[in-house]
Amino acid sequence: MLKPQWLLMVSLFSYSAFADVSFEEKKNRVEYLEELSGQAISMNIEAYRRELNYERSNIPLDKRAEMEASLLAEKITVQVQKAIEAAMVDKGFEEAAEEVKAAIEKDLELVAPELREELRAISLETIDHYNRGVNRPVTDLVGLEDAMLKGVQDRSNYLNVEGEHKELVSKLESLTSPVVNLQPTEYGSKEELIESLVSELENSRWVSTSNLTIRTDEITKVDSRVSLQLKVEFLGVAVEAGPTIAFTRVFKTNATIMAEGLSPALLSDGNFDFVKRDKLGRAIKDNGKFKKRFFSFACDASLDFNSDYAGSGGFSVAGMGGGASVTKTISQTVNLSSRRVEVPEYIDGKSATIKFLSQICHNDFLRAKATSALTIADSLNVMMKNVVSGLRFSHPKTKCAVDTHCYNWFNNEVISLARIKNFPRCVEERREKYRSCTLRGLQGQNCAVFDSKGKQVSDGFFEFTCDAGLKCVKVQQEGWFRNWELYQYAKGRCMPINPKTYKSPI
């Protein structure tokens with residue numbers, strides 16, 4: 001927690017040393033940052049806009065840190081709540097909570113070390129509040145406020161101190177200059193390197209001589225099944241009434257490192273040999289200095305998906321024409337590649353190794369932001385769904401696509417006795433996924449009755465599956481009567497699940 005003396009010094013500093021910079025000048029400085037923010041990939045321009053508003057309202061620095069902490073805590077809380085709700089769609093709270101906690105721990109690896117424990121505590125407290133039905137914000141933010149103060153001070157210095165302003169401007173201008181687009185040989189953190197990989201900057205140069213390549217492949221995640229609805233071909237037209245087909249999905253990641261020359265690129269300890277060497281393996285010097293060997297590095301992520309279907313139907317691709325063949329299986333791959341960057345010699349002050357770069361591709365790249373709203377994994381999933389949306393399903397036994405296709409069948413082919421208290425429906429066969437016309441019982445229709453062991457106890461005569469909104473209700477008990485002389489079958493009637501809301505289709 002901030003000491004009172006420190007808070008006083010911070011507050012006095014914020015109102016005395018900064019008094020000579022006009023608000024118009026502060027506004028100009030923020031506007032200049034906005035011009036550079038499209039190229040300076042690590043720039044959090046929103047924080048500088050908020051800082052300008054704090055300056056306008058003359059808010060003390062400690063209060064600003066408190067407000068920044070509250071804003072971050074609110075964002076984390078909302079996101080955790082959404083994650084819990086999404087996970088609970090198909091599982092209980094305990095299982096959903098464990099799934100979300102695991103995701104939190106993975107994402108915390110990308111968080112600044114000084115914020116990691118605070119964000120973990122906020123996330124876990126949010127899960128606990130959700131479980132207990134408590135609707136209140138996390139209140140203990142003292143540690144987070146302390147961590148946020150440095151950022152507040154840096155942004156305030158940029159707006160108010162001439163030296164700080166010029167230093168940041170010089171740094172940003174160098175980062176956005178064409179010369180630096182090939183990337184420096186050092187990154188301040190793993191997060192900076194990941195941001196660079198997914199940025200819109202140009203690739204680093206290609207190797208200009210003989211070269212060697214190192215690739216590390218890994219199946220990062222196997223999602224057994226995802227079910228997606230297809231369109232169905234009916235009477236020569238694609239109708240939004242196709243079956244839901246299961247697809248298997250496999251995420252794969254790949255790290256590709258390319259080096260100039262043909263001498264070994266790796267040293268025995270896993271570090272890269274950044275020194276150029278001749279055919280005898282001797283280090284090459286130029287004016288007494290070792291010549292540097294060029295290395296480049298990129299990540300790839302792909303999603304392989306295959307149809308999980310074994311019936312008599314098949315798939316065709318939209319736009320291929322009426323004579324397009326129908327295939328039994330669909331196997332497709334979508335791929336995303338990062339930009340190519342120069343391999344850094346150091347990351348966060350530590351030597352870059354092949355193990356570290358591979359871990360970035362295999363552990364972090366899928367979670368990196370491809371856009372403001374989508375991660376790399378999200379983008380692959382969207383592309384997969386868009387590819388699947390172009391598929392058409394067809395089956396030789398298909399007789400309908402929607403209920404209205406069954407009206408002629410009902411009126412012309414079904415005997416009059418069977419039409420009483422029944423309605424025609426276009427229904428999908430569960431295993432082979434074709435659609436055909438069938439009868440569904442309306443209110444009062446006979447329906448099959450089964451005992452607790454699944455044995456049918458009704459006579460099966462003119463019994464039909466109940467239509468949507470209805471359920472089969474036993475109205476006559478089965479059993480022996482007259483001293484075991486007469487056996488009576490059970491009887492069932494289709495009755496509304498909710499009489500207040502049920503509406504007959506007729």
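**Group meeting: a walk through a predicted model**

Hi everyone, let's start with the overall make-up: the protein chain has 13 helices and 21 strands, where helices (H or I, at least four residues) and strands (E, at least two) are DSSP runs numbered from the N terminus. Please keep in mind that this is a predicted model, in which local features need pLDDT of at least 70, side-chain atom pairs count only at pLDDT 80 or more, and totals for chains, interfaces and linings use all residues. Residues are numbered from 1 along each chain as its sequence is written, and side-chain values use heavy atoms, with hydrogens and water left out.

Of the 506 residues in the protein chain, 41% are buried. Buried here means under 20% relative accessible area, exposed means over 50%, and partly exposed is in between, with a 1.4 Å probe and protein chains only. As for contacts, meaning heavy atoms within 4.5 Å, take those in the protein chain with a separation of 6 or more: residues 24 or more positions apart account for 68% of them.

Now to the cores. A nonpolar core is a set of buried Ala, Val, Leu, Ile, Met, Phe, Trp, Tyr and Cys residues joined through side-chain atoms within 4.5 Å. The largest one has 40 residues, and Leu193, Ile257 and Phe297 have the most contacts inside it. Which elements give two or more residues to this core? They are helices H9 (190-197), H10 (354-364) and H11 (376-388), together with strands E2 (211-229), E5 (244-260) and E8 (295-308). A second, separate core holds 20 residues, including Val80, Ile84, Phe93 and Leu144.

If you zoom in on Leu193, leaving out residues up to four places away in sequence, you will find it touching Tyr187, Phe297, Val341, Ile347, Leu357 and Ile360.

Staying with strand E5, have a look at Asn254, which sits in that strand. Asn254 counts as buried, at 13% relative accessibility. Beyond residues up to four places away in sequence, Asn254 touches Arg215, Thr216, Asp217, Ala298, Cys299, Asp300, Cys361 and His362.

Next, helix packing. Helix H4 (residues 61-87) and helix H6 (residues 113-132) have their axes 9 Å apart and pack at an angle of about 50°. That makes H4 oblique to H6. The axes are lines fitted to C-alpha atoms, for helices over the stretch in contact, and angles run from 0 to 180 degrees between N-to-C directions. Under 35 degrees counts as roughly parallel, over 145 as roughly antiparallel, 65 to 115 as roughly perpendicular, and the rest as oblique. The crossing of H4 and H6 is right-handed; a crossing is right-handed if the near helix is turned clockwise from the far one by less than a right angle, and left-handed if anticlockwise.

Who makes that contact? From H4 we have Leu72, Ala73, Ile76, Thr77, Val80, Gln81, Ile84 and Glu85, and from H6 we have Leu119, Ile122, Ser123, Thr126, Ile127 and Tyr130. By class, the contact of H4 with H6 has nine nonpolar, four polar and one charged residues. For those classes, Ala, Val, Leu, Ile, Met, Phe, Trp, Tyr, Cys and Pro count as nonpolar, Asp, Glu, Lys and Arg as charged, and the others, Gly among them, as polar.

On to helix H3 (residues 45-56): its axis and that of H4 come within 11 Å and cross at roughly 140°. That makes H3 oblique to H4, and the crossing is right-handed. Here Arg50, Glu51, Tyr54 and Glu55 in H3 meet Arg64, Met67, Glu68 and Leu71 in H4. The contact of H3 with H4 divides into three nonpolar, no polar and five charged residues.

Between H3 and H4 there is a loop, and Asn58 is in it. The phi of Asn58 is positive, near 60°, and this residue is not a glycine. Asn58 is partly exposed, with a relative accessible area of 47%. Phe462, also not a glycine, has a positive phi of about 45°. You will find Phe462 in the loop between strand E17 (446-447) and strand E18 (470-476), partly exposed at 29% relative accessibility. As background, most residues other than glycine have a negative phi.

Finally, buried or exposed: which is Ile497? Ile497 is exposed, with a relative accessible area of 52%, and lies in the segment after strand E21 (491-496). Ile497 and Leu470 are 27 residues apart in sequence, with 5.2 Å between their C-alpha atoms. Thanks, everyone!
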